[in-house]
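Dear colleague,

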Amino acid sequence: MHEIVRIRIVALGIGFALLAACAGRDTGIPALYDELGGEPGVAAIVDAFILEIAQDELVRPHFRTIDIAGFRGRLEEFLCVVADGECKYSGRSMPEAHATLGIERAAFNSIVEDLIAAMDSNGISYATQNALLARLAVMEADIVTVR
Ligand code: HEM
């Protein structure tokens, strides 16, 4: 084989190897789900969140008749998916789940405060909290039906 052609093939090989290495490279930025503590972290946040909801006068009345164990499981799955974790959400869409609940903006804002308190008590950094809250804030229009 001609020397130049051989060198080019070797160079191409090195190029592909580098590309493959880059594609699979860890960016050093953990996924949001990892920042929330993965499965045990999100489970702890959801538990604390439910305790906050139980003390929230604006929100608690809506949860009087629901199956809390089922809600806990669906919410864990939902937050996992929202945070790019590898989970499957088995619940309804946000409009479907909240359509008949008559939720006002004040209740939505209050539940956001409950979630912040739950994340605070689990030592989640403000940057991570804000990243999750930003992803949830856009769902307000699907959840608040009383304006
Ligand atoms: C960012 C805000 C919110 C998120 C991410 C969220 C998420 C969810 C999820 C994942 C479910 C489970 C749905 C299912 O099992 O099919 C659910 C159900 C429910 N949510 Fe929300 N929610 C939010 C705000 C609110 C607010 C503000 C209220 C009331 C004040 C509320 C009341 C409920 C109730 C009562 C259920 C149970 C409905 C049922 O089982 O029939 N949610 N929510």
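Subject of these notes: the ligand and its pocket

By class, the shell around the ligand holds 16 nonpolar, 3 polar and 2 charged residues, where Ala, Val, Leu, Ile, Met, Phe, Trp, Tyr, Cys and Pro count as nonpolar, Asp, Glu, Lys and Arg as charged, and the others, Gly among them, as polar. The model is predicted, with local features needing pLDDT of at least 70 and side-chain atom pairs counting only at pLDDT 80 or more, while totals for chains, interfaces and linings use all residues. Residues are numbered from 1 along each chain as its sequence is written, and side-chain values use heavy atoms, with hydrogens and water left out.

Of the 21 residues around the ligand, those that come nearest are His62, Phe63, Arg74, Arg92 and His98 (near means a heavy atom within 4 Å). The iron atom of the ligand has a single donor from the protein, NE2 of His98, at 2.1 Å; donors are N, O and S atoms within 2.8 Å of the metal (3.2 Å for Na, K and Ca), and water is not among the atoms, so sites may look incomplete. Histidine 98 belongs to helix 5, helices being DSSP runs of H or I with at least four residues, numbered from the N terminus.

Two polar contacts (N or O atoms within 3.5 Å) also involve the ligand: a side-chain N or O atom of histidine 98 is 2.9 Å from a ligand nitrogen, and a backbone N or O atom of arginine 92 is 2.7 Å from a ligand oxygen. Helix 4 (68–82), helix 5 (94–98) and helix 6 (105–121) are the elements that give two or more residues to the shell around the ligand, and helix 4 gives the most, with 4 residues.

The ligand takes up the space of the largest pocket, whose volume is about 860 Å³. Of the 31 residues lining the largest pocket, Phe63, Phe71, Leu75, Met94 and His98 are the closest to its centre (lining residues have an atom within 4 Å of a point on a 1 Å grid, probed at 1.4 Å).

Methods: A polar contact is a pair of N or O atoms within 3.5 Å; within protein, one must be able to donate a hydrogen and the other to accept it, and residues adjacent in sequence count only if both atoms are side-chain atoms. On a 1 Å grid over the protein atoms alone, a cavity is a set of points where a 1.4 Å probe fits but cannot get out, and a pocket is an open set with protein on both sides within 12 Å along at least five of seven lines; lining residues have an atom within 4 Å of a point. A molecule sits in a cavity or pocket if more than half of its atoms lie within 2 Å of its grid points. Grid points are joined across faces, edges and corners, and a volume is the space filled by probe spheres set on the points.
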